[in-house]
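Work through the exercises below with the sequence and the structure in view. Try each task before reading its solution.

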Amino acid sequence: MTAELEDPRKTELRSRCEVAVEAAGFTVLQQRPLTPWPPDAGLKGALLGDVVGEDGRQHRDHYFVRVDGERALPEWLVSATEASFAMSGVRIIVVAENPGESLSAACAATGTGLARITELNHLELICEYGEPQQDAQATRFRKRARDVRRKMEAKAQLNTRKLEESYQETDAVTKQMAGHRRSAYLEPIENAIVVWRTWNEEMADRISEALASEDAAALDRIEADVLRGPEQ
Amino acid sequence: MPSPSKQAVRPDAIEANKHNPRLYFNDERLDQLRTSLQEKGILVPLIVYEKPDEPGRFVLMDGERRWRSAVDLGFDDVPVQVIPAPDPVDNLVQMFNIHSVREEWSLVAIAIALRELMALTGETRESRLSDMTGLPRGTVRRAKRVLNLPEEEIDRIQKEAPLDRNEQVHRVDLYLEIERAQSVLSRSLPEIDEKFSRAEIIRQFARKREEGSLRNVTDFREVSKLAEAGRDGVIERDKVIRAAAKLIEDVNLNPPEVYERVAASAVAQHELAKKAAQLGDGLEGLHGQSLSKELRRRLRMLREEIDGLIQGASGDGGA
């Protein structure tokens with residue numbers, strides 16, 4: 001699989017992870033297999049991972065390397081882990097150089113495996129992979145967090161799309177204007193697009209953090225901020 | 001022109017557009033998109049063209065983030081809209097239209113694409129480049145300033161451009177400040193150019209940031225002020241040249257500190273002397289007129305201040 005446009009820090013971590021997996025006695029599969037999700041998981045794509053290691057019984061560990069170990073576990077990896085519990089012979093393990101509290105807490109809460117990669121390229125297991133005992137309240141919380149994220153994304157997409165259309169129209173009608181006059185029309189739209197993008201990213205991070213810590217009060221604040229939108 | 005056709009292709013049949021100067025994506029920044037694509041799939045097709053010499057292989061025009069995420073998420077295929085293969089100039093112009101706003105090309109990415117466009121078309125005028133690319137003229141101007149930097153410095157900026165701003169050491173705004181300071185230094189004190197090449201000065205100034213000797217990228221504005229003080233004779237030219245040379249040689253020296261030590265007081269006094277001359281001119285015009293109560297009060301206060309200052313002063317400290 002091509003690694004074009006991949007973050008070089010990730011490419012490096014991926015190679016180190018391969019070394020560590022081999023050192024632990026697993027076979028690193030050079031042709032990483034695409035393992036389909038269970039039909040009722042409702043996920044697109046397939047289980048892949050940055051590195052796939054296989055043991056003698058053909059059990060596979062799918063390693064996902066994370067460049068920034070301080071960030072909370074993203075939702076796509078949480079969903080991947082949840083779906084993987086219905087699959088046999090696979091485990092999902094997140095690998096980071098210095099996993100922070102937020103990542104560790106999220107992995108422990110969701111049952112995602114977590115390993116620290118040492119300077120000598122060894123993997124130290126921090127969280128075991130395995131289906132957690134989730135109570136009904138935790139499940140409700142996760143569903144609510146997902147709903148908040150969807151609302152936030154829909155709002156950001158709608159506004160960004162409108163601004164992009166406005167940019168295209170303004171771009172066309174100001175073509176003949178002098179540069180500085182044209183910029184006076186275009187730059188505010190560009191700035192507004194950046195505001196929405198930044199807001200979108202910040203909110204997504206906050207939702208991931210609230211999810212990791214199961215912080216209902218934080219989610220309340222985020223929901224209120226989503227309703228308000230970014231400060232323009 | 002044939003109309004674009006929609007189809008689905010395997011992600012590994014697609015490659016990045018070599019005219020796109022973006023090197024990579026900050027991995028964690030793709031998380032949100034991955035979450036969305038994992039849930040809904042790719043709703044808006046990527047825009048690609050088929051390689052004329054390799055049927056079945058495609059080059060990306062639009063949708064790099066979606067493509068990169070689709071690869072990571074193990075998508076079997078991705079929806080694409082296939083457009084006719086553009087000629088190199090069209091390819092670049094379309095990339096500008098697609099990326100400079102929607103995909104947030106960094107200034108260094110814009111500069112590199114602009115350089116290619118200038119090489120392909122021979123066009124270097126700001127207004128024409130602005131028309132062709134849809135970029136505001138101010139952006140074209142700043143991009144051309146980036147292109148004036150030594151190649152290895154451009155590489156440094158480009159490699160870090162996808163990182164979060166607080167992780168970048170070689171930020172484009174740092175280099176724009178450095179370039180401005182170097183240019184004022186050269187114009188004001190040509191003797192400096194005899195001792196150091198332009199590339200050397202830029203490298204040494206960038207090293208100040210690498211070594212943590214700067215408080216802010218705007219610290220370099222003090223270099224310009226120092227050079228102008230030497231040029232205008234506010235302080236001895238030789239003294240300024242020595243200070244500027246030391247500032248270039250020693251990467252641990254901070255520009256505002258050097259300015260403060262060498263020139264700040266003399267420049268402040270020079271400014272006050274100019275204001276005093278202006279005040280004198282203004283007062284001269286008031287001879288024979290009645291003075292307002294307010295002005296008389298102010299002038300008396302000023303006279304007391306001036307008398308005190310002159311009595312306490314040690315002598316002529318200026319150039």
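**Exercise 1.** List the buried residues of H2(A), and state what their number says about the helix.

Solution. Helices (H or I, at least four residues) and strands (E, at least two) are DSSP runs, numbered from the N terminus. A residue is buried if 20 or more other C-beta atoms lie within 10 Å of its own, exposed if 12 or fewer, and partly exposed in between, with C-beta atoms placed from the backbone. By this rule Glu75(A), Trp76(A), Leu77(A), Val78(A), Ser79(A), Ala80(A), Thr81(A) and Ser84(A) are the buried residues of H2(A). That is 8 of the 10 residues of H2(A), so the helix is largely enclosed by the rest of the structure.

The model is predicted: local features need pLDDT of at least 70, side-chain atom pairs count only at pLDDT 80 or more, and totals for chains, interfaces and linings use all residues. Residues are numbered from 1 along each chain as its sequence is written, while chains are lettered from A and ligands numbered from 1 in the order in which they are written.

**Exercise 2.** Describe the side of chain A that touches chain B.

Solution. Two residues are in contact if their C-beta atoms, placed from the backbone, lie within 7 Å. On this basis 36 residues of chain A are in contact with 32 residues of chain B. Among the elements giving two or more residues to this side of chain A are helix H1 (8–23) and helix H4 (136–173). The largest share, 10 residues, comes from H5(A).

**Exercise 3.** Find how H8(B) and H11(B) are oriented to each other.

Solution. Axes are lines fitted to C-alpha atoms, for helices over the stretch in contact, and angles run from 0 to 180 degrees between N-to-C directions. Helix H8 (residues 172–188) and helix H11 (residues 221–231) of chain B pack at about 10°, with axes 8 Å apart. Angles under 35 degrees count as roughly parallel. H8(B) and H11(B) are therefore roughly parallel.

**Exercise 4.** Identify the edge strands of the open sheet of 5 strands in chain B.

Solution. Two strands pair if DSSP finds at least two bridges between them. The order is E1-E5-E3-E4-E2, with mixed pairing. E1 (5–9) and E2 (14–15) of chain B each have a single partner strand, so they stand at the edges.

Key. Parallel < 35°, antiparallel > 145°, perpendicular 65-115°, else oblique.
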